[in-house]
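Let's take a walk through a protein model together.

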Amino acid sequence: MSPADAPAIETDALTKRYGETTAVTGLTMTVERGAVYGFLGPNGAGKTTTMRMLTTLTRPTSGTAHVAGHSITDRESVTPHIGYLPEEPPIYDELTGREQLEYAAGLRDLPEAEASERIDSLLERFDLVDDAHRRIEGYSKGMRQKVGVIQAVLHEPAVAFLDEPTSGLDPRAARTMRETIADLADREMTIFLSTHILPVVDELADEIGVLREGELVAQGDPETLKSRAETGEARSLEDAFLEVTQETPGGESGRSAEPSID
Ligand SMILES: Nc1ncnc2c1ncn2[C@@H]1O[C@H](COP(=O)(O)OP(=O)(O)OP(=O)(O)O)[C@@H](O)[C@H]1O
C-alpha cells in the first residue's frame, strides 16, 4: 500500500518494556485518515508511551507501526507528517510567543509568508494576539498550552497527536480548543487525542480506544462503546470507561515499580 492510501495510523503488536515494566503490550489498532481518535486509559495505562512510540520519540521493544504510511523506525519520513503536543510542550521561556511559533515554523521549513499568515490566524483564534510579543517566561500555564497546540498543528500535519490539549485552559479557551480540533478534522487532519476529560472525547471522537495496563481493552465508535453489550442499554461514556478499566478480581498488572533506562 502506498503512503497516500495508507491509514493514518496502523500498529501491529506494538510493545514497549522498561526493564520489568511492560508499558504497552501487543497494541494492534488502525486509525483511519481524517478521524478523531479518542485514546483513553487510567493513569499509567501506557497512553503517553504509545504516543511517544508513534511520534518516533521512543523505540518499541517489539511490534511495528506506520504513521501516514511510514514506518516509525524511519523518523525522517514520519516527522514531516506529524505534530505532537506532549504533556509539557517544548517551548523556550526566553522567546516571545510569536518568536517561538516562527521558530517552530522554521524547523518545519514553512515558507515565511505562509507561516506568518497561519501564525496570525491561530494567535487570533486562541486570543493570544496581545501577548504574542511578550516573553513566554511570563505566560500562564494555559497560554503555554495554547502555544504548544498552535506549534503542533502549524504545518498542517496529516496526523496530530494531542496529549491533554485542554489542560490548563479556562472554559472559553477549552471550547476554542474543541472547535479547533473539530475544524482540523473537517480539513482531513487525523487527530489522535488523549485526555481524561471524557465529555471532550464524547463530543469529538469518531472512534475510541481504551487502554488498561498497556492493553487495548475496548475499541469502537462512542455509541457502540456506550451501549451495554448484553442489553444494548445506553450508558454514559464515564460508566463505560469505568467498567472496561476496572481491576479484575485477583488480576495482576505484571508491572513493577522499578525505574529503568529508556
Ligand atoms: N521512561 C520510563 N521508565 C520506566 N517506566 C516508564 C517510563 N515511562 C513510562 N513508564 C511506565 O510505563 C507505564 C505507562 O506510563 P505512561 O506514561 O505511558 O502512562 P499514561 O497512560 O500516559 O499515564 P497518565 O494518564 O498518568 O499520563 C507506567 O507504569 C510508567 O511508570
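Start at V36, whose bridge partner in strand β8 is I191. V36 belongs to one face of strand β3: together with G38 and L40 it lies on one side, while Y37 and F39 lie on the other, and all of these are buried. Here, buried means that 20 or more other C-beta atoms lie within 10 Å of the residue's own; 12 or fewer makes a residue exposed, anything in between partly exposed, and the C-beta atoms are placed from the backbone. Five of the five residues of β3 are buried, so this strand is largely enclosed by the rest of the structure.

Residues are numbered from 1 along each chain as its sequence is written. The names of helices (H or I, at least four residues) and strands (E, at least two) stand for DSSP runs, numbered from the N terminus.

What does β3 pair with? Four bridges join β3 to β8, and the two run parallel. Four bridges also join β3 to strand β9 (residues 207-212), again in parallel, and here F39 stands opposite G209. Two strands count as paired if DSSP finds at least two bridges between them. Strands of a sheet pair through backbone hydrogen bonds, either parallel or antiparallel.

Now zoom out to the sheet that holds β3. Six strands form an open sheet with mixed pairing, in the order β6-β7-β8-β3-β9-β10. At its edges stand β6 (82-85) and β10 (215-220), each with a single partner strand, so one side of each is left without a neighbour in the sheet. Neighbouring strands of this sheet are turned by 15 degrees against each other on average, direction ignored.

Helix α6 (residues 171-186) lies across β3, β7 and β8, at about 145 degrees to β8. For such angles, axes are lines fitted to C-alpha atoms, for helices over the stretch in contact, and the values run from 0 to 180 degrees between N-to-C directions. Contact means that the C-beta atoms of two residues, placed from the backbone, lie within 7 Å.

There is another sheet to find. This open sheet has four strands in the order β2-β1-β4-β5, and its pairing is antiparallel. Its edge strands are β2 (21-31) and β5, each with a single partner, so one side of each has no neighbour in the sheet. Five bridges join β1 (residues 9-18) to β4, with T15 standing opposite S62 in β4.

Next, look at some helices and loops. Is helix α1 (residues 47-54) buried or exposed? Eight of its eight residues are buried, so α1 is largely enclosed by the rest of the structure. Just after α1, T56 takes a positive phi of about 70 degrees.

A68, in the loop between β4 (62-67) and β5 (70-71), has a positive phi near 50 degrees although it is not a glycine. With 21 C-beta neighbours inside 10 Å, A68 counts as buried. D109, in the loop between α3 (97-107) and α4, has a positive phi of about 60 degrees, but with 9 C-beta neighbours inside 10 Å it counts as exposed.

Finally, how far can you trust the picture? The chain averages a pLDDT of 90, where pLDDT is the predictor's confidence in each residue, from 0 to 100. Over residues 256-261, pLDDT stays under 50. Where pLDDT is low, the predicted coordinates should not be read in detail.

Notes
This is a predicted model: local features need pLDDT of at least 70, side-chain atom pairs count only at pLDDT 80 or more; totals for chains, interfaces and linings use all residues.
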